[in-house]
Amino acid sequence: ANIFSISTVEGAPGETVIVDVGLENDSDIVVAELTIPLVNKQLTYIDGSCSLNTDRINGHQVSAGMTNKGLRIIIYNIGLNPLVGNSGNLLSFRLRLGKDPMTYPLTASVIVGDANGKQLDASVSNGSVTILAPELTIVTTSIDYGHIPIRSNYTRSISLKNTLTKFSVTIPWNELHYGY
């Protein structure tokens, strides 16, 4: 079997993360094409950041860029030499993270071929990217102060909910009213 594996990474909004792609292969792979859709503009490929692991290549080159179907990575060898070894990290690339917290899947499709141009069987173990940040929703939409006596304390609560983690908190809102 020829199995590509995409790593799972996480980071804060605006950060850059490195995604690794590994390969366990039992065939002599000369060329491979991976297409990874990048969801909702929250994951942006950094041009020129895709690089091959030198331990796995023998004169191979890589071309990576965005298409209308997502990030397309092509690994090829003009001399038709197969990839070196049968397991390990094959390549890595960088993504800049957007601001919307969520776990975004990295679901790739792959096509691989040998030196004779024959398409080989291959599969992908998909990864994901998680943007770590609170996604707060204000549950309390308004506070009714009503009639408050001068120089008295007034306490009401504001409820916040992190919709990503389902965590809620209620914050007391204290106010001391002074007369004019």
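The model is predicted, and the protein chain has an average pLDDT of 88. A score of at least 70 is reached by 86% of the residues. Over residues 176-180, by contrast, the pLDDT falls below 50, and this stretch has 12 contacts in the model beyond near neighbours in sequence. Where pLDDT is low, predicted coordinates should not be read in detail.

The protein chain contains 17 strands and zero helices. Of the contacts between residues at least 6 apart in sequence, 65% join residues at least 24 apart. The protein chain has 180 residues, and 35% of them are buried.

Five strands make up an open sheet with antiparallel pairing, in the order E7-E8-E4-E11-E12. Its edges are formed by E7 and by strand E12 (119-120), each of which pairs on one side only. Within this sheet, strand E7 (residues 61-67) is joined to E8 by seven bridges in the antiparallel sense. Gly65 stands opposite Arg72 of E8. Two residues separate E7 from E8, and the two strands form a hairpin. Strand E8 (residues 70-76) also pairs with strand E4 (residues 31-36), again in the antiparallel sense, over five bridges. In this pairing, Glu33 has Ile74 of E8 as its bridge partner, while the bridge partner of Ile36 is Leu71.

Strand E14 (residues 127-131) takes part in two further pairings. Strand E2 (residues 8-11) pairs with E14 in the parallel sense over four bridges, and Gly11 stands opposite Ile131 in E14. Strand E10 (residues 102-106) runs antiparallel to E14 and is joined to E14 by five bridges. Here Leu106 stands opposite Gly127. Strand E14 is largely enclosed by the rest of the structure, because five of its five residues are buried. In a regular strand, side chains alternate between the two faces of the sheet. Both faces of E14 are covered: Gly127, Val129 and Ile131 are buried on one side, and Ser128 and Thr130 are buried on the other.

The largest nonpolar core comprises 33 residues. Those with the most contacts inside this core are Phe4, Leu91, Phe93, Leu95 and Leu106. Strand E9 (residues 89-97) contributes five residues, the largest share of the core. In soluble globular proteins, nonpolar side chains tend to be buried together. The surroundings of Phe93 draw on several parts of the sequence. With neighbours within four places in sequence left aside, Phe93 is in contact with Val17, Ile18, Val19, Val21, Ile36, Tyr45, Ser49, Cys50, Leu71 and Ile73. Two of these contact residues, Ile36 and Leu71, are also bridge partners of one another.

Two asparagine residues were examined individually. Asn89 lies in strand E9 and counts as partly exposed because its relative accessibility is 30%. The contacts of Asn89, apart from neighbours within four places in sequence, are Asp20, Val21, Gly22, Asn53 and Arg56. Asn89 and Leu52 are 37 residues apart in sequence, and their C-alpha atoms are 8.6 Å apart in space. Asn25 is located in the loop between strand E3 (16-24) and E4. With a relative accessible area of 5%, Asn25 lies under the 20% limit and is therefore buried. The side chain of Asn25 makes a polar contact of 2.8 Å with the side chain of Arg56. When residues up to four places away in sequence are not counted, Asn25 touches Ala1, Asn2, Arg56, Gly85, Asn86 and Ser87.

Most residues other than glycine have a negative phi. The phi of Leu80, however, is positive, near 60°. Leu80 counts as partly exposed because its relative accessibility is 45%.

How values were computed
Residues numbered from 1 in each chain as written. Predicted model: local features only at pLDDT ≥ 70, side-chain atom pairs only at ≥ 80, totals over all residues. Heavy atoms only, no water. pLDDT = per-residue confidence, 0-100. Contact = heavy atoms within 4.5 Å. Pairing = 2+ DSSP bridges. Buried < 20%, exposed > 50% of the residue type's maximum accessible area, 1.4 Å probe, protein only. Core = buried A, V, L, I, M, F, W, Y, C linked by side-chain atoms within 4.5 Å. Polar contact = N/O pair within 3.5 Å; in protein donor to acceptor, adjacent residues only side chain to side chain.
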